[in-house]
Amino acid sequence: MPTDILEPTPDPELAREQDYLARARTELARMRDKTLSTERAAGDAVSDAFLANTLARRAASLVDDPTSTLFFGRLDLEGAPAQEHGHERWYVGRRHVNDELGDPVVIDWRADLSGAFYRASRTEPMHVTLRRRFGIDRGRLTAFEDEHLQDAGEHDVRSDILMSEIERPRVGPMRDIVATIQPEQDEIVRADAATTICVQGAPGTGKTAVGLHRAAWLLYAFRDKLARSGVLVVGPNRAFLDHIGAVLPALGEIEVQHTTAEELVASVPVKGSDSTTAAVLKGDARLAAVLRRAVWARVRPATEPLIVPRGARRWRVPAYEVAEIVDELRARSVRYEAARQILPQRLAHHVLLEMERSGDSPDDRVQDAVARSTPVKAYAATLWPAVDPRAVLFELWSDRAVLAEHADGLLTPEEQQILLWDKPPRAKGTARWSAADTVLLDEIADVCERTPSLGHVVLDEAQDLSPMQLRAVGRRCSTGSATVLGDIAQGTTPWATASWEASLGHLGKPDSHIEILDRGFRVPALVIDYAARLLPAMAPGLGAPVSVRDNPGRLDFVRTTVADRDLAVARVVTEAAAEPGSVGVIAPAAYLASISAALTAAGLPHGILGTDHGDVTHQVDLVPATVAKGLEFDRVVVVEPARIAADEPDERTGLRRLYVVLTRAVSALTVVHAEALPAALD
């Protein structure tokens with residue numbers, strides 16, 4: 001006789017929480033419907049368009065994601081906070097949700113009260129009696145874990161739900177980490193808007209996510225200020241920006257701009273290239289002083305008096321008085337162009353003084369008319385001509401004598417020779433500017449006219465920027481603040497920094513606070529310990545990161561031959577793709593075409609990432625080693641580590657590039673090689 005199979009009895013507490021989630025979704029839908037149905041009553045067309053845009057952005061931020069949940073945690077409180085806020089139970093989620101009366105159903109993770117969800121502990125419970133974390137699968141609550149923070153009999157235990165969320169397989173762009181922010185990360189996220197923070201973070205410590213979440217928190221806590229002044233994220237390449245591009249929109253922030261350090265200063269097309277030596281020199285901070293001299297040398301001494309015909313009279317300002325005016329303007333702390341605009345007014349003022357001495361009674365209208373007159377404008381232009389940054393740099397790189405004049409005492413003759421063009425182009429319009437030149441053109445432009453400042457800049461992979469690139473970024477937050485993210489051990493440019501203090505000085509933020517994140521949540525222990533073998537050779541003195549995950553991960557090696565290497569990669573990828581989650585195949589650029597062909601022959605659809613684009617729609621991505629920085633995959637296949645290192649201009653940079661490549665895995669790393677491994681890894 002068949003036995004009845006009984007379905008497991010659902011947990012009544014979990015069912016109540018699921019009902020609460022359904023209520024929250026209903027309230028969110030009501031909030032969005034109310035926004036969409038709001039009637040506009042603007043007084044004019046411009047105001048109406050602005051209001052319509054505001055309502056559209058508000059509605060976009062209230063779209064529900066059925067694959068996720070509106071909250072991931074719950075706080076039960078006692079004491080002062082509960083009395084102050086009128087509630088004892090709070091649900092913490094990605095956005096605020098309220099009911100028709102305005103009472104909160106879900107509180108935003110960025111709210112002050114939500115800080116207790118991330119920081120409360122048994123030693124400092126912050127009035128929390130119970131912290132509940134929810135397990136989530138495709139928009140439903142599947143489990144919960146409770147921590148009784150004020151129960152003396154309880155001990156700290158590792159959260160299985162927390163670890164499961166960190167290790168959850170991923171395909172596509174980077175996810176937010178609002179459910180898994182750690183206490184040391186939360187302190188950085190909630191740092192004041194006026195504070196510039198530098199985060200030295202080892203691989204897998206979440207520094208990029210922390211920086212993005214800080215931007216989201218700042219926009220929440222200082223909305224009025226930052227909505228006007230703007231927030232910018234600067235990353236190393238487009239593939240990286242595509243990878244992180246979904247994080248802020250998932251948190252309701254859809255107006256933050258993303259760019260690369262190269263795009264930030266792209267005033268001219270990049271058609272030329274520099275030797276490594278020239279590129280390093282062009283990135284040196286000494287070039288700022290050379291360029292400043294070259295710009296201000298455009299100002300010429302007054303050798304003739306100013307003569308201004310007006311009516312039947314001719315008014316004269318002696319050359320020595322003009323020289324005093326010019327010297328006074330040069331001594332001011334103003335930009336070149338601002339002083340150039342002031343000069344005609346100052347000259348006109350001296351003409352008015354002459355008029356008054358003769359018995360006339362001119363007023364401000366007369367001064368303005370004199371300043372705009374052709375004789376004054378033409379005379380001022382001979383003393384203080386307009387400056388085209390391209391003309392300044394063209395002259396420096398073309399004329400040995402001009403460069404020697406402005407580089408005197410700053411650059412050696414040998415260094416000057418490196419900067420000079422071997423065959424100067426005929427004109428600035430035909431010059432083939434390099435990437436390093438665009439940074440210098442940006443510097444010249446700032447000497448002429450002040451670069452507008454944003455409210456906050458998030459600068460990722462900052463260790464790879466030259467001093468001149470850092471100055472360019474610093475100009476964009478000169479009156480605001482910055483979140484500087486990086487890892488000195490992952491510096492893969494010849495000009496990579498050896499000191500955050502030096503980098504922050506070039507950025508214009510010398511008094512910034514430096515935080516160190518060394519607990520790895522993403523990279524498993526087997527992988528990070530293996531990669532850390534490179535540290536003594538490439539970054540002596542830098543501490544090795546520590547993985548805090550229970551799962552040690554997987555580390556495999558496949559030795560093959562050159563002839564069979566692509567087939568071996570295809571076999572490994574086929575096995576890796578059989579499991580849920582993303583697969584990244586990281587290889588030297590020269591090997592990409594043949595590996596791609598092998599993957600296609602094996603029936604493995606895949607994307608190919610580049611410095612100017614990402615592809616986040618495939619389970620399998622083929623990644624040049626030079627583009628891997630900042631990316632992460634569940635399983636990583638690294639092809640020919642020795643060749644990856646050898647492709648860089650020097651041994652230190654090569655080992656650092658390899659360190660980056662080896663630390664992209666969340667679960668498993670497989671090394672496929674025909675060549676011998678580098679000595680530090682063998």
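Colleague: How many disulfides does the structure hold?

Modeller: It holds zero disulfides, a disulfide being a pair of cysteine sulfur atoms within 2.5 Å. In this predicted model, local features need pLDDT of at least 70 and side-chain atom pairs count only at pLDDT 80 or more, while totals for chains, interfaces and linings use all residues. Residues are numbered from 1 along each chain as its sequence is written, and side-chain values use heavy atoms, with hydrogens and water left out.

Colleague: Is Cys198 buried or exposed?

Modeller: Cys198 is buried, at 0% relative accessible area; buried means under 20% relative accessible area with a 1.4 Å probe, protein chains only.

Colleague: And Cys477, buried or exposed?

Modeller: Cys477 counts as buried, its relative accessibility being 0%.

Colleague: Turning to the largest pocket, which residues lie nearest its centre?

Modeller: Pro236, Glu262, Gln469, Thr493 and Trp495 do, out of 44 lining residues. On a 1 Å grid over the protein atoms alone, a pocket is an open set of points where a 1.4 Å probe fits, with protein on both sides within 12 Å along at least five of seven lines; lining residues have an atom within 4 Å of a point.

Colleague: Which helix gives the most to that lining?

Modeller: H21 does, with four residues; helices are DSSP runs (H or I) of at least four residues, numbered from the N terminus.

Conventions
Buried means under 20% relative accessible area, exposed over 50%, partly exposed in between (1.4 Å probe, protein chains only). Helices (H or I, at least four residues) and strands (E, at least two) are DSSP runs, numbered from the N terminus.
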